[in-house]
Amino acid sequence: MLETVKLTKSFKDKKVVDEINLYLQTGESVGLLGPNGAGKSTTISMIASLIKPTSGDVKLNGKSTIQNPSDLRKMLGVVPQEIALYEELSAYENLKFFGKAYRVEKETLEVRIQEVLDMVGLKDRQKELIKTFSGGMKRRINIAAALLHNPKILILDEPTVGIDPQSRNHILETVRELNQTQGTTVLYTSHYMEEVEQLCNRVYIMDHGKIIATGSKEELLSILSSEDTIGVQLSKRSEAFTDKIKTLPDVLQVEQTSEGLRIMAKKNHHLLSSLVHAAEKEGIQIMNYKVEIPSLEDVFLHLTGKTLRD
Amino acid sequence: MGAFIKKDLLVFWRDRKEILMALLLPILIIVILNFAFSGLFKDEKAMQIDISVVQEDDVKKGMEQFAAAVEAKGLSSEEKSAVLAEADKLDPVQLIHDFLNSSDLKEWVTVKDFSEKEAAEQVKNGELDAIIKIPEGFTFESLSHVLLGETSQGSVTILAEEESAGVSTLQEVVHSFINTVNTQFALGSKGVQATAEPILPKGGKEVVEGNDGADAYTISQYFTIAIGTLFALFMAQTVSLKTMTEKREQVFNRILLTNSHPLSFLIGKTVSAFILSILQFAITLTVVQLLLNVFPDKSFTFWAGLMVVLIAFALTVGGLSALFTALTLHLSDTNAASGISTLVIMGFGVLGGSFFPLEGLPEPIQKIGEWTPNGLTQTALIEWVQYSHFNDLLFPISFLMGVFIICFAISVSIFPKRGRS
Ligand SMILES: Nc1ncnc2c1ncn2[C@@H]1O[C@H](COP(=O)(O)OP(=O)(O)OP(=O)(O)O)[C@@H](O)[C@H]1O
Ligand SMILES: [Mg+2]
């Protein structure tokens with residue numbers, strides 16, 4: 001429904017966003033991941049019609065939105081990275097103002113304000129001024145303000161930066177709820193892998209203005225080499241056993257942990273039986289055996305050679 | 001649109017500091033200036049003077065002498081009787097006495113009755129400040145001068161032991177009175193009805209002299225008008241500065257995304273600046289009037305006219321505010337925008353004579369000053385205080401509205417369609 005075609009933005013001579021192609025299908029929840037300065041916010045601002053691209057296009061249902069973005073704006077809810085609210089006004093007054101600016105019908109607006117306040121869990125604090133709110137509460141109202149006009153597409157730019165776990169969970173829940181029960185299409189920007197893993201069906205990974213990988217979570221994970229990390233819980237500790245494991249075929253590395261061992265090995269279906277066999281010989285019981293699931297964080301590390309947050 | 005106006009007013013209302021700044025500061029400044037300057041000019045004691053009039057002239061003899069002189073002129077009998085009738089109505093000595101006892105002078109001049117010798121004594125020991133001496137032949141000479149066009153020698157002299165501000169003011173006042181009487185009669189004899197009155201310091205306050213017999217305006221009135229205008233002008237910037245915060249905090253982006261018409265945003269600012277500057281000026285005027293009675297005994301018409309000019313000026317302030325707002329949104333560097341608006345406001349303030357009177361400056365600068373909205377408003381209001389001619393207000397009002405329209409048109413044309421470019 002919404003797609004970018006070779007979307008590019010340069011500030012002076014610096015290419016901040018470089019020929020980005022991405023798309024959103026109706027009802028999807030898509031993540032845009034990238035470290036600081038990758039160009040996520042710039043990309044989002046172009047999609048949201050706030051910045052004019054240097055070149056490329058943003059298309060809504062196949063139609064360019066660059067010249068006349070008003071149709072796009074109507075269906076779009078944008079949660080900016082910064083708190084875009086009037087500090088001197090109360091939560092209610094802010095929502096009322098933006099609701100009116102969106103030309104929500106008067107009768108509908110009152111109901112809608114209470115709905116979105118309910119969604120972000122701040123109904124009982126609506127009379128208080130924004131400047132008296134905590135960072136997390138501000139972020140929640142920041143989201144509420146983007147929902148007043150029932151947008152079909154919701155774009156969130158790092159909505160959980162620097163806030164308490166309670167607010168964070170609330171925000172993630174709200175977004176999931178919108179996507180799953182109301183069918184809102186979501187584009188979610190973050191540099192928190194676990195959020196994107198939880199929320200999104202599909203992920204774009206961005207670095208230095210370029211998309212360096214894309215796909216479902218599983219597809220991205222398969223990028224990782226064919227290695228497994230296995231955690232083994234043992235009934236007792238034994239140096240002899242550890243040494244023995246190290247000599248097994250395909251085992252690359254063995255580490256002792258408080259509970260037992262962490263083994264890094266090439267994918268090998270016979271590893272478990274070899275382990276059990278060796279343990280029996282040493283009189284050790286294997287209490288637990290678990291192949292650790294690699295995370296997108298690992299994928300990112302693999303692709304860029306750096307962690308998402310440094 | 002209503003939402004935008006309400007939002008802007010509400011934001012301002014919540015900002016107590018700015019409210020206080022905008023409303024109290026001008027009042028405070030006017031009160032302080034008023035006290036500072038009244039200390040210089042309003043020294044009641046120094047301006048209280050006691051005098052005595054010593055009359056050496058014999059009025060009856062003077063009249064007879066004048067009649068003889070007319071006789072000797074060889075005029076036609078009609079002319080003769082006209083001149084003599086005129087002279088009968090005119091008693092120069094009595095005029096001086098009436099003048100010195102008039103209500104205008106009573107406030108600071110007390111006339112005491114003494115004989116010549118006693119009076120001289122009293123001046124010496126400081127009981128009297130001055131003696132006004134009406135010399136012998138005063139009646140005759142005055143009449144000959146006024147009615148027959150003869151040159152006169154005898155004039156009223158003021159004798160004082162020491163020169164004081166009070167005495168020299170009295171000197172000026174008496175001379176200007178005599179001059180006025182002279183012109184009045186000179187005009188009167190040509191059949192022109194003239195009602196000029198001498199310009200007198202009111203209540204001993206410093207008076208900025210008005211021309212053409214206009215009502216004088218006091219320095220307090222000047223302060224009130226100048227400072228009130230200046231602070232109302234500041235309101236244009238105060239309101240538009242809010243835009244900087246809106247832009248920085250991306251609130252403006254959010255507003256853009258609502259597809260609201262640019263006019264809504266601009267009108268929000270314009271109306272806020274309009275209402276706030278009127279409110280600001282009205283409160284300042286009311287409080288200053290109640291505290292200091294700056295405009296005593298003014299009619300309802302006076303206040304209504306004042307209000308009309310203020311409304312026109314506030315409209316201009318609204319237009320400027322829209323212009324600064326659009327500029328802030330148009331330029332990528334918000335500091336540059338605020339720099340420009342500060343420059344404009346301060347430039348207007350200085351050129352328009354809001355900081356200090358322009359009277360001492362070269363003519364061209366004064367002329368430019370009259371074309372600034374605040375300078376024009378100030379001039380219009382001061383003229384209104386002096387003359388109360390409604391016609392004089394028409395030009396300033398149309399000019400101010402014109403400035404508003406131009407500012408607003410420019411604002412709409414530079415209003416950005418997107419956030420950053
Ligand atoms: N107006 C601008 N002028 C010049 N450079 C800019 C401008 N806006 C952004 N940039 C640069 O573009 C790059 C990408 O910025 P952007 O805000 O899109 O990154 P981001 O991925 O959102 O980062 P973060 O995770 O910190 O929010 C940065 O290097 C930034 O310095
Ligand atoms: Mg960003």
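The model you are looking at is a predicted one.

Ser41(A) has a partner in holding a metal. The magnesium ion (ligand 2) is coordinated by Ser41(A) through OG and by Gln81(A) through OE1, at 1.8 to 2.1 Å. Ser41(A) sits in helix H1 (residues 40-47) of chain A, while Gln81(A) belongs to the loop between E6 and H3 of chain A, so the pair ties together parts that are 40 residues apart in sequence. Here are the two residues side by side:

| Residue | Relative accessible area | Class |
|---|---|---|
| Gln81(A) | 25% | partly exposed |

Now for the place where the chains meet. On chain A, 35 residues are in contact with 25 residues of chain B. Together the two chains bury about 2800 Å², and 55% of that is on carbon and sulfur atoms. Leu50(A), Arg73(A) and Tyr86(A) supply 23% of the area that chain A buries against chain B, more than any other three residues.

Polar links join the chains too: 13 residue pairs are in polar contact between chain A and chain B. Several elements of chain A each supply at least two residues to the side that touches chain B, among them strand E1 (2-11) and helix H5 (135-147). The largest share, five residues, comes from H3(A). By type, the residues on this side of chain A divide into 20 nonpolar, five polar and ten charged.

Which residue forms a salt bridge with Arg14(B)? Glu93(A) does, and the closest N and O atoms are 2.7 Å apart.

Notes. Residues are numbered from 1 along each chain as its sequence is written. Chains are lettered from A and ligands numbered from 1 in the order in which they are written. This is a predicted model: local features need pLDDT of at least 70, side-chain atom pairs count only at pLDDT 80 or more; totals for chains, interfaces and linings use all residues. Side-chain values use heavy atoms; hydrogens and water are left out. Contact means heavy atoms within 4.5 Å. Buried area is the accessible area (1.4 Å probe) that two parts lose on being put together, summed over both. A salt bridge is a side-chain nitrogen of Lys or Arg within 4 Å of a carboxyl oxygen of Asp or Glu. A polar contact is a pair of N or O atoms within 3.5 Å; within protein, one must be able to donate a hydrogen and the other to accept it, and residues adjacent in sequence count only if both atoms are side-chain atoms. Helices (H or I, at least four residues) and strands (E, at least two) are DSSP runs, numbered from the N terminus. Ala, Val, Leu, Ile, Met, Phe, Trp, Tyr, Cys and Pro count as nonpolar, Asp, Glu, Lys and Arg as charged, and the others, Gly among them, as polar. Donors are N, O and S atoms within 2.8 Å of the metal (3.2 Å for Na, K and Ca); water is not among the atoms, so sites may look incomplete. Buried means under 20% relative accessible area, exposed over 50%, partly exposed in between (1.4 Å probe, protein chains only).
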